[in-house]
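Please have the sequence and the structure in view while reading.

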Amino acid sequence: MKFYKIKRIAVCMIFAVLLFSLSFDTFTVSGKTYSDSWVLGYKNMEPAESETNVVPTLYKNDAVFGNHRRFPLVVKGDYHYVPVEMFMGLSGIKLTYGYSASYFYLATRGNTKYISFDVENNAATTHEKDTYALKTEMFYNTRYLPAEAVAAVLGLKLEIYNEPDESIYALRLSDSNAKVSFPELIRMYSPIKKEETTQNPSTDTDIGKRNIYLTFDTVNFSGISDTLAVLERDFPGKSAVFFVSAKDILTYPDQIRQILAYGQSIGILLQETDPEAEYILAKENLRLVTKQSTRLVRFARGSTNCALDDEQYENFVKKYGLCVWDYNINITDSRKVQETVYNFSKNTKMVTAIIRFSHGTNSDTALTNLYSFIKGKNQIRVYTMDETVKPVSYR
């Protein structure tokens, strides 16, 4: 009995040491140093100081692990350690503790596969009755497990994404419910911000009479992947703004993140019942979904037809520093965009065309047709619309 008490005290002391000592600021993989500092930035990661300074993250199936900021990926030697919670839910896996915190196991639905941990002796037993050495660790005051070994026992898929040049080091655990490929998932949640060239229509001498801005009033989100693929292929860079409502930001969070992942911009589409309340709610929803904000705004019926009088409109815009973009070409979801652009510039003599698409099943075809029309024509160019560009508003 005395030996048993001494043994328990020793175990508690070991756990206390682990609890306070093993918290990493950096770690090394294949000679490269990675940082685990987190910031709320565009890339959802710390800007790389060099090509080898990368921030890691964790994914479960088709989403970011909910506690990845508190409990990030830890790489120690040749092992990738993840918090025990990372496994829970995948393939119906549940966590069960034995008679003490030193004994616990993870099991799939129906206990068809399981792994039992003996923390005190650094050992594990599986559903195949195999017992072998397996060391767990305490990082960030929580229990971490070696991901490769546990995933193999439970039949989970483990993937590593290691791209120092992109400032990304990531690990994903997934089961048969995962629908999105890992590279696509990385792109959705940790988009790479591409180098952009500054364009100035007022000083470019090779523009001619048609300067084009592409915008989408996005109510229909079906086929958004096809539209984004065409934009990336034919109009590289930040070439379009997708104006979305406050409600749709929460209804279609993955599509909103996908738009940003492709390097395009998000704007707020106001239905004008109460523009200020709508804008505040949309900003909150956008921050919740993407950790980003926007000052790009469009009134659904145009700035001159919104519910605000001139003084209210001016105060609203100034109060929030809004960039209000009206449109002067309404394509809706027509494929004949090239004809409309040609007739617009011919008949109105205007040099700037702000095209409004109502996003739909024909949007990708319309963009392809537009590209075919303007390809090789130096007098027609598509320009970036973002918060640095002076907006076109008819107020």
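## Basis

This is a predicted model, in which local features need pLDDT of at least 70 and side-chain atom pairs count only at pLDDT 80 or more, while totals for chains, interfaces and linings use all residues. Residues are numbered from 1 along each chain as its sequence is written, and side-chain values use heavy atoms, with hydrogens and water left out.

## Whole protein

The secondary structure comes to 10 helices and 23 strands. Helices (H or I, at least four residues) and strands (E, at least two) are DSSP runs, numbered from the N terminus.

Of the 395 residues, 47% count as buried. Buried means under 20% relative accessible area, exposed over 50%, and partly exposed in between (1.4 Å probe, protein chains only). The protein exposes about 19700 Å², of which carbon and sulfur atoms supply 51%; accessible areas come from the Shrake-Rupley method with a 1.4 Å probe, and for residues only the protein chains shown count as cover. Among contacts (heavy atoms within 4.5 Å) with a separation of 6 or more, 66% join residues 24 or more positions apart.

## Helix H8

Helix H8 runs over residues 310–320, and its buried residues are Tyr313, Phe316 and Val317. Seen down the axis of H8, these buried residues fall within an arc of 95 degrees, so they line one face of the helix; the arc is that of the directions from the helix axis to the C-beta atoms. They pack against strand E18 (265–270), helix H7 (275–290), strand E19 (296–299) and strand E20 (323–324). The face turned away from the buried side carries the exposed residues Glu311, Lys318 and Lys319.

At the N-terminal end, Asp309 caps H8, with a side-chain oxygen 3.2 Å from the backbone nitrogen of Glu311. Just after H8, Gly321 takes a positive phi of about 60 degrees.

## Helix H10

Helix H10 has 12 residues (363–374) and should span 16 Å at 1.5 Å a residue; its end C-alpha atoms are 17 Å apart, which agrees. The expected span is 1.5 Å times one less than the number of residues.

The buried residues of H10 are Ser363, Asp364, Ala366, Leu367, Leu370, Phe373 and Ile374. Just after H10, Gly376 takes a positive phi of about 85 degrees.

## Cysteines

With a disulfide taken as a pair of cysteine sulfur atoms within 2.5 Å, the count comes to 0 disulfides. Cys306 counts as buried because its relative accessibility is 9%, and Cys323 counts as buried at 5%.

Terms used
Polar contact = N/O pair within 3.5 Å; in protein donor to acceptor, adjacent residues only side chain to side chain.
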